[in-house]
Each structure stands twice: as C-alpha cells, then as structure tokens.
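Biologist: I would like to go through this structure with you. Please show it, and then I will ask.

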Amino acid sequence: MNCESATKLVPLYFYGELPPEEEDSLEQHLDACAACAREAERQREISVALDRRAVQPSAALLAECRHDLMRAVYRQEAPVLRRAEPGRHPSWAAALIPQWLPSLGAWRMPLGASALLALGFAAARLTVPGAGGPASLASLTPDVISSVRSVQPAHDGSQPGEVQIVLDETRRRVVNGKLNDANIQRLMLAAAHDENNPGVRWESVDLLKSHSDSSPIRELLLNRVAEDPNPGVRLKALDGLKTYAGDPEVRKVLAGVLVRDDNPGVRIAAVDALTAHADDDMVGFLQSVVQKEDNTYVRRRCAKALQDMNASVGTF
Amino acid sequence: MAQDAAGAVGARLTPRLDEAGLIRAVQRGDQDAFEQLVRAYDQSVLRLAVNLLRSQEDARDVFQEAFLRVYRSIDSFRFDCSFHTWLYRIVTNICLDYLRKRKVRKEEPAVVDTPEGPLDRMNDFEEEAAHADPERNMWNRQLGQRIEGALGGLTPRERMVFELRHYQGLRLRNIGEILGTSEEAAKNCLFRATQKMRAVLGDLQ
C-alpha cells in the first residue's frame with residue numbers, strides 16, 4: 001500500500017468501514033509510515049472536535065414536538081385519502097359485490113339529502129339570533145373569520161399606491177347542546193359529511209356512534225363506513241355498527257367493505273365484525289375472499305373465521 | 001463517536017413491543033400504536049434534524065412533517081426494508097430540501113457575528129461541554145465557528161452522509177439504502193466530506 005491510497009483509506013478506517021484485509025494493510029502501512037500515522041492522528045483529533053459540536057435536543061423540545069404532532073394527527077391531519085378510486089377495485093371485487101350487495105348508492109341519496117336538510121335547519125336556526133330557538137341552541141357566540149381572496153392594484157381613478165383587497169368573511173357561531181338533542185344530532189349528521197374536514201367527520205362519527213340505536217345515525221354509520229374517504233372515519237363508523245353486525249342490511253354493507261375497501265385495517269375490522277355473528281351463508285363468501293385477498297393478515301383472519309365455523313378454507 | 005442509532009432504537013422497542021405488530025396496528029388505523037411507534041424513533045429523528053439544521057424551529061417543522069408523512073403513507077409500507085430505513089428516507093429527504101433551500105438563500109448560519117463576538121444560536125441546547133468554565137466556553141465558541149464553517153462548505157448530500165455516519169452512527173451500507181444510492185457512492189461522499197473538513201480544520205490545536 002502506498003501513501004496516496006493510505007490517505008484515502010484513513011477516514012474509512014477511522015469509521016470502521018474498511019473490509020478486514022484492507023484494514024490490516026492500512027495498519028501495517030501506518031506502523032511503517034510516520035507521515036500517514038500523523039495523518040491518522042489528525043483525523044482522530046478532528047473527529048474528537050466534531051464530537052464536541054454534537055447537540056442533544058432538550059427534553060422540553062422533544063415534548064413540544066410530540067405534543068404538536070399528536071395534536072395534528074388527532075385533530076387536523078387525520079390520514080388523507082387512500083380510498084380506492086372508481087375502477088381501482090380489484091376485478092374480483094366487482095364479481096363478488098353484485099352477489100352480496102345492493103347498490104351502495106341507495107345509502108348515498110337519502111343521506112346526502114338528510115345532510116342538506118340538516119344544513120338547512122342549521123342555517124335557519126342560526127341566522128335568526130334570539131328568535132326563540134330551542135333551549136339547547138341557546139348558547140351562540142358569533143365570531144367573524146376573514147380570509148383574503150385577492151389582492152390587486154386599485155382601479156383607475158384611485159390614488160396612486162392604493163390596493164384593493166377582497167376578503168371572504170365567515171361568521172362563526174358556537175352551539176352547545178346535549179348529544180341526545182335531535183337538533184344537535186342533525187347538526188352533527190351534517191358535520192359527519194363535511195368533505196373538507198376529516199377531523200370533524202371523525203369526531204362527529206365518534207360521538208354519534210354511541211347512539212347507533214337511532215335509525216338516522218345507523219344510516220349515517222352505514223354510509224360513512226362505505227363511502228368516507230378517510231380510513232379513520234370508516235373505522236369509527238364500523239366500530240359503531242358492531243352491535244348491529246347481525247342485522248342483514250348491516251352485514252351486506254360490511255361484506256362490501258371487506259371486498260372493496262382499500263385499507264387492510266378497515267377490511268380486518270369488517271371481518272371481525274362479520275364473524276362475530278357466525279352465519280353459514282357467509283362460508284362461500286369468506287372462501288372467495290381467502291382466495292382473492294392480497295393482504296396476508298386479512299386472509300388469515302378470514303381463514304381463521306372459516307375454521308371456527310368448521311368450514312374448509314379452500315373451495316372445491 | 002455516536003453509537004449505532006438503528007441498534008439503539010431497535011433495543012428500545014424490544015422485547016416488550018413488536019415493531020411489525022405496531023406498524024400493522026397503525027396500518028389498521030390505530031393511533032395509539034402510531035404514538036408508540038413515534039416514541040421509538042422520535043428522539044433520533046429530532047437529534048438528526050437539530051444537528052443538521054442547527055435551528056430549533058426548522059427541526060420542529062421537520063419532525064412534524066416527517067411523522068405526518070409516515071402517518072399518511074404507512075399503508076404503502078410493505079416491509080420491503082426496515083421501518084428505520086423507510087422512516088429515515090422520509091426524514092433525510094425533508095432535511096435535504098431544507099439544506100438545499102438554505103444553500104440557495106445562504107441564510108441563517110448557526111454561528112453569527114454580533115458586537116459582543118461570535119454567537120452560536122445553538123447555545124440554547126444542552127451541551128455536553130462543561131458549563132462553568134469561561135476559557136473552555138471561549139474555546140468552544142471559536143471551535144464551533146470553525147466547525148460550522150467547515151460543515152457549511154459541504155454539499156447538502158455530503159453534509160447528510162457525514163451527519164448520518166459521524167453523529168448518527170449509521171453504517172455506510174444503511175446510509176446508501178436510506179439515500180437511494182450505493183454503499184460505494186456513500187463511501188465516496190463521506191471521503192469527499194472528510195477531505196473538505198480536513199482542509200478547513202487541519203490546523204486544529
């Protein structure tokens with residue numbers, strides 16, 4: 001080994017990144033060459049100096065980062081859409097769905113309408129302050145929120161240097177009420193369809209699911225589990241439907257979720273809910289899922305359910 | 001020198017927590033599992049961001065952006081590589097973006113000149129050095145300034161490889177995997193970085 005190649009290897013030697021044979025050769029060279037040995041020593045000194053520059057983030061900074069992150073996760077940044085787009089379902093899903101499911105569009109229309117009605121209700125109630133509304137809506141706190149729509153130089157005829165700013169203003173109101181209040185429920189049904197805010201949908205579904213004995217709320221949950229673009233919301237809705245997993249309509253929707261949902265976590269929850277109520281009619285369906293499901297974990301859950309039902313996992 | 005960060009993190013997860021199980025739970029939408037997963041790695045991620053960017057504000061932003069990206073895209077994690085590698089790909093990409101933007105804007109050096117002398121903006125952090133020795137503090141400040149100058153002369157990629165090897169203790173093979181390049185390319189990058197550092201800090205006393 002010559003000095004030039006030794007110089008090149010010294011940093012890697014120092015970081016323990018040389019293969020054993022190169023390390024041996026270099027060490028032999030360093031034993032014999034004072035100049036390269038000095039170079040290695042310089043490298044070590046620089047490394048020690050660099051070590052002293054290392055900083056350890058404070059515990060307070062780490063705690064703040066954790067707090068901010070989890071707040072964003074829970075409140076604002078629920079998982080974004082990983083929903084299957086139309087046509088993205090595997091072809092086998094399309095083959096299974098017609099046998100098991102009515103069109104899910106049937107859930108969309110009435111719920112879309114109920115959301116509009118609820119919004120209409122909210123608008124009517126909330127734009128007439130002090131008009132003798134129900135007691136549960138008595139606490140209304142107005143607040144105006146502005147956002148800048150456009151900024152441009154002012155029109156001809158105005159003073160030089162003037163600008164025109166167009167603001168969009170939204171009036172915010174705070175509504176307090178009990179969850180079993182029908183009016184509050186209607187507002188929340190509407191909120192559960194707010195397509196721009198998955199966090200609001202998630203929280204609305206989470207609160208409403210404990211009232212799934214109410215027919216409109218159960219319809220909402222069926223709609224959300226099948227249609228919500230956010231897997232977190234779908235899981236919450238599914239959670240609220242568990243106690244009704246023996247109901248034929250609920251089972252049809254859950255079977256559709258198992259076949260069509262692109263999130264394995266949601267599919268697993270659907271399997272669990274369906275198999276919690278053993279039903280021999282499901283054997284063929286579950287066997288098909290085992291054959292065609294691409295997620296190992298979901299497949300295993302279905303296979304386990306079949307075994308628990310004393311059914312064969314495969315089809316013959 | 002820093003210990004192997006991946007090993008340290010792995011040790012923190014076992015035997016109580018099974019990482020693959022946690023990841024699958026997050027993929028099923030379990031936010032508590034996500035929090036546990038974050039806690040297994042967040043210290044090393046924050047340390048990387050703080051050391052690389054020398055700014056608490058930027059490090060906070062990187063931390064949040066990186067873990068939110070993990071949260072949003074964990075469905076696409078297929079266990080083709082270790083979670084550590086996957087996470088660090090995300091973190092290093094974000095940090096490289098920050099470094100490149102800074103390179104273009106040439107903004108916010110960690111050590112700034114003030115009428116009272118050079119001031120290291122990182123002095124707010126907990127340092128390993130002794131606190132009450134004025135001579136040592138002065139030496140540290142001067143040394144810090146020179147080291148920052150030397151690190152500032154590296155390209156963002158050289159800076160990243162150097163940070164991951166020297167401070168985070170990752171192996172070059174793992175660094176190559178994280179940065180989407182070969183071990184050989186990472187090795188060359190580290191060599192260039194050390195040569196540049198050597199040129200600037202060669203006369204260090």
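Biologist: Which residues does Val161(B) touch, not counting residues up to four places away in sequence?
Modeller: This is a predicted model. Val161(B) is part of α7(B). Leaving out residues up to four places away in sequence, its contacts are Ile175(B), Ala186(B), Cys189(B), Leu190(B) and Ala193(B).

Biologist: How many residues does the largest nonpolar core have?
Modeller: Val161(B) is among the residues with the most contacts inside that core, along with Ala49(B) and Phe63(B). The helix that gives the most to this core is α3(B), with 11 residues. The core's total is 52 residues.

Biologist: Which residues does the second, separate core include?
Modeller: This core has 41 residues. Among them are Leu221(A), Val289(A), Cys302(A) and Leu306(A).

Biologist: How are α7(B) and α9(B) oriented to each other?
Modeller: Two packed helices are described by the angle between their axes and the distance between the axes. For α7(B) and α9(B), the axes lie 9 Å apart and the angle is about 95°. An angle from 65 to 115 degrees counts as roughly perpendicular. The two helices, α7(B) and α9(B), are therefore roughly perpendicular.

Biologist: How many residues of the contact of α7(B) with α9(B) are charged?
Modeller: On the α7(B) side, the contact uses Arg157(B), Glu158(B), Val161(B), Phe162(B) and Arg165(B). On the α9(B) side, it uses Ala186(B), Cys189(B), Leu190(B), Arg192(B) and Ala193(B). Six residues are nonpolar and no residues are polar. The charged ones number four.

Biologist: What about α8(B) and α9(B): how are they oriented to each other?
Modeller: Helix α8(B) spans residues 172-179. Its axis comes within 8 Å of the axis of α9(B), and they cross at roughly 105°. The range of 65 to 115 degrees applies again. So α8(B) and α9(B) are roughly perpendicular.

Biologist: Which residues of α9(B) does α8(B) meet?
Modeller: From α8(B) come Leu172(B), Arg173(B), Ile175(B), Gly176(B) and Leu179(B). By class, this contact has six nonpolar, one polar and three charged residues. The partners in α9(B) are Glu183(B), Ala185(B), Ala186(B), Lys187(B) and Leu190(B).

Biologist: Which residues of α8(B) are buried?
Modeller: This helix is mostly covered, with six of its eight residues buried. Just after α8(B), Gly180(B) takes a positive phi of about 70°. The buried residues of α8(B) are Leu172(B), Asn174(B), Ile175(B), Glu177(B), Ile178(B) and Leu179(B).

Biologist: Is His84(B) buried or exposed?
Modeller: His84(B) sits in helix α5(B), residues 83-105. A residue counts as buried if 20 or more other C-beta atoms lie within 10 Å of its own. His84(B) has 22 within 10 Å, so it is buried.

Biologist: Which helix gives the most to the side of chain B that touches chain A?
Modeller: In this contact, 48 residues of chain B meet 41 residues of chain A. Several elements of chain B each supply at least two residues to that side, including α2, α4 and α6. By class, the side has 22 nonpolar, 12 polar and 14 charged residues. With 10 residues, the top contributor is α3(B).

Biologist: And what percentage of the residues in chain A is buried?
Modeller: Chain A has 14 helices and three strands. Its length is 316 residues. The buried share is 30%.

Methods: Residues are numbered from 1 along each chain as its sequence is written. Chains are lettered from A and ligands numbered from 1 in the order in which they are written. This is a predicted model: local features need pLDDT of at least 70, side-chain atom pairs count only at pLDDT 80 or more; totals for chains, interfaces and linings use all residues. Two residues are in contact if their C-beta atoms, placed from the backbone, lie within 7 Å. Helices (H or I, at least four residues) and strands (E, at least two) are DSSP runs, numbered from the N terminus. Ala, Val, Leu, Ile, Met, Phe, Trp, Tyr, Cys and Pro count as nonpolar, Asp, Glu, Lys and Arg as charged, and the others, Gly among them, as polar. Axes are lines fitted to C-alpha atoms, for helices over the stretch in contact, and angles run from 0 to 180 degrees between N-to-C directions. Angles under 35 degrees count as roughly parallel, over 145 as roughly antiparallel, 65 to 115 as roughly perpendicular and the rest as oblique. A residue is buried if 20 or more other C-beta atoms lie within 10 Å of its own, exposed if 12 or fewer, and partly exposed in between; C-beta atoms are placed from the backbone. A nonpolar core is a set of buried Ala, Val, Leu, Ile, Met, Phe, Trp, Tyr and Cys residues joined through C-beta atoms within 7 Å.
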